[in-house]
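Trainee: Could you take me through the aromatic rings in this one, close up? I'd like to hear how they pair and what sits over them.

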Amino acid sequence: MASNLAPIPELYVSYESAQKLKVEAGNLASHDLTPRQICDLELLMNGGFNPLKGFLTEEDYDSVVETMRTKDGALWPMPVTLDVSEKFADTVELGQDIALRDQEGVILATMTVTDKWVPNKSREAEKVFGADDLAHPAVNYLHNHAGAVYLGGPITGIQQPVHYDFRARRDTPNELRAYFRKMGWRKIVAFQTRNPLHRAHQELTFRAAKEAQANLLIHPVVGMTKPGDVDHFTRVRCYEAVLDKYPSSTTHLSLLNLAMRMAGPREALWHAIIRKNHGLTHFIVGRDHAGPGKNSQGEDFYGPYDAQELVRQHQEEVGIEMVDFKHMVYVQEKAQYYPIDEVPEGATVLNISGTELRRRLAEGLEIPEWFSFPEVVKELRRTKPPRAKQGFTVFFTGFSGSGKSTIANALMVKLMEMGGRPVTLLDGDIVRKNLSSELGFSKEHRDLNIRRIGYVASEITKNGGIAICAPIAPYAATRRAVREDVENFGAFIEVHVATSIEECEKRDRKGLYKLAREGKIKEFTGISDPYDVPENPELRVETEGTDVDNCAHQVILKLEQMGLIAG
């Protein structure tokens with residue numbers, strides 16, 4: 001299969017028209033794009049999402065969800081939708097043009113709104129991701145982050161989103177096609193990754209390129225990946241560190257600003273179509289490609305080879321050839337990597353899983369050279385020092401009067417006595433006074449208050465400090481969002497202070513329960529508003545019959561056990 005490297009259609013207007021359009025667009029209603037929408041818009045405009053001409057219309061959306069095809073039959077497995085709030089949707093009429101802006105307010109494109117509808121998100125979750133299960137990051141995003149209304153319609157590109165990092169490594173589909181033409185490359189195999197490359201990956205990519213007699217494009221995703229993944233700055237430094245292990249005349253590194261959905265088989269097919277648009281002829285599909293891990297029953301969302309099956313079924317139509325990912329293992333006696341099905345009988349196989357690698361990094365343990373390149377390990381250690389030197393957040397949750405603040409104060413003092421890292425207490429009342437004084441106690445305002453606490457905690461964690469939070473935080477979805485914010489930078493320890501509502505009411509230090517019972521405080525957690533009991537907190541403490549010092553000590557023991565403080 002040789003590449004057709006003619007340019008692919010882009011959705012940008014000319015530079016002169018863009019200048020004119022920018023001025024006109026200044027008067028249009030504006031939608032501020034989310035980070036995920038910016039990734040989608042960039043690939044719509046530069047042809048990465050060809051044949052789409054804009055965000056999906058309702059008919060196309062329904063068809064893509066049900067059949068993986070647009071209504072005119074084009075193969076397209078992933079809904080690419082512009083989700084907005086009901087409030088914004090109410091201001092928009094069909095046929096109206098709106099300006100799409102980045103987070104600094106720069107107008108990137110205009111869109112003619114042809115469709116506006118409220119999607120059935122549960123159906124979307126079932127059909128696209130295989131289950132309406134909040135353990136799936138994209139399903140959680142769909143229900144807890146995405147706007148309630150979808151807008152569809154064609155877009156007119158004015159300018160690309162601005163990237164200040166790794167600019168020389170970011171290629172549009174047409175820039176890659178031009179590069180391949182210039183280099184005389186006719187067959188090119190793409191390696192998709194969202195993780196740093198270790199020796200097994202290098203071996204795998206070497207073999208794939210050799211088997212296909214093709215050049216190699218390392219094409220990592222630097223848009224949005226899975227919460228908790230290594231940040232893209234570190235990953236790209238790791239890729240650059242191993243590039244010189246590859247023959248320079250046959251290998252190229254280019255970054256793809258894609259917002260992954262972790263949708264397994266559909267995602268793999270989507271990746272294949274995107275790679276075809278970038279001028280590639282072959283595509284490596286891994287075992288459990290783009291799988292998000294375990295569902296809420298503790299089982300994998302997708303079968304290990306489901307993604308390969310789906311891509312294989314459609315590879316001819318897409319016009320790209322799939323290369324099976326071979327699981328590579330290190331054979332000690334031979335001192336080299338082998339595909340697992342070619343290991344000599346009786347040989348000693350060495351392997352380090354992703355979990356084991358993270359453990360070794362977290363505990364500062366040795367990572368053998370047969371597993372990874374010293375240059376990669378050095379980069380990873382720069383970003384992820386051993387756990388006892390990382391920042392972390394302890395997040396107490398429980399009813400009003402459960403003892404959260406008292407235990408949090410005791411914990412703060414114990415940690416300050418140990419020294420080594422700055423400790424900040426973000427107590428509910430203190431935050432209300434200093435960060436959220438304008439907020440009331442409606443569900444929306446309480447959520448906003450918790451998100452602010454989470455934001456500050458994630459910044460403290462990122463900068464190597466310890467954040468101790470003690471809000472009521474009644475809603476599981478909001479606690480999860482805060483966990484995701486923090487876990488981008490360090491550990492998150494949820495502590496459920498499991499004091500019963502009866503005991504809290506007996507204590508009623510501030511007289512709040514009495515007022516709630518009299519109906520003078522509306523939406524009071526545990527009385528007139530629900531509390532989602534944490535299902536799997538890192539720690540549950542009982543305060544009835546246990547003194548404060550002992551409760552705080554239980555948290556200290558947990559932190560020691562997790563390697564966050566030295567024993």
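Mentor: Let's start with a cluster: ring pairs link Y330, Y337, W370 and F371. Before going on, bear in mind that this is a predicted model, where local features need pLDDT of at least 70, side-chain atom pairs count only at pLDDT 80 or more, and totals for chains, interfaces and linings use all residues. Residues are numbered from 1 along each chain as its sequence is written, and side-chain values use heavy atoms, with hydrogens and water left out.

F166 belongs to the loop between β7 (149-157) and α7 (173-183), while F233 is in helix α9 (residues 232-243), so the pair ties together parts 67 residues apart in sequence. Helices here are DSSP runs of H or I, at least four residues, and strands are runs of E, at least two, numbered from the N terminus. F233 counts as partly exposed at 40% relative accessibility (buried is under 20%, exposed over 50%, partly exposed in between, with a 1.4 Å probe and protein chains only).

Then look at Y179 and F180, whose ring centres are 6.2 Å apart with planes at 65°, so that pair is edge-to-face. Y179 is partly exposed at 22%, whereas F180 is buried at 0%.

Finally, the charges: K443 lies over the face of Y475, 4.2 Å from the ring centre (NZ of Lys or CZ of Arg within 6 Å of the centre and within 35 degrees of the ring normal). The charged end of R479 sits over the Y531 ring, 5.6 Å from its centre.

Definitions and conventions:
Rings of Phe, Tyr and Trp (its six-membered ring) pair if their centres lie within 6.5 Å; planes under 30 degrees apart count as stacked, over 60 as edge-to-face and the rest as tilted.
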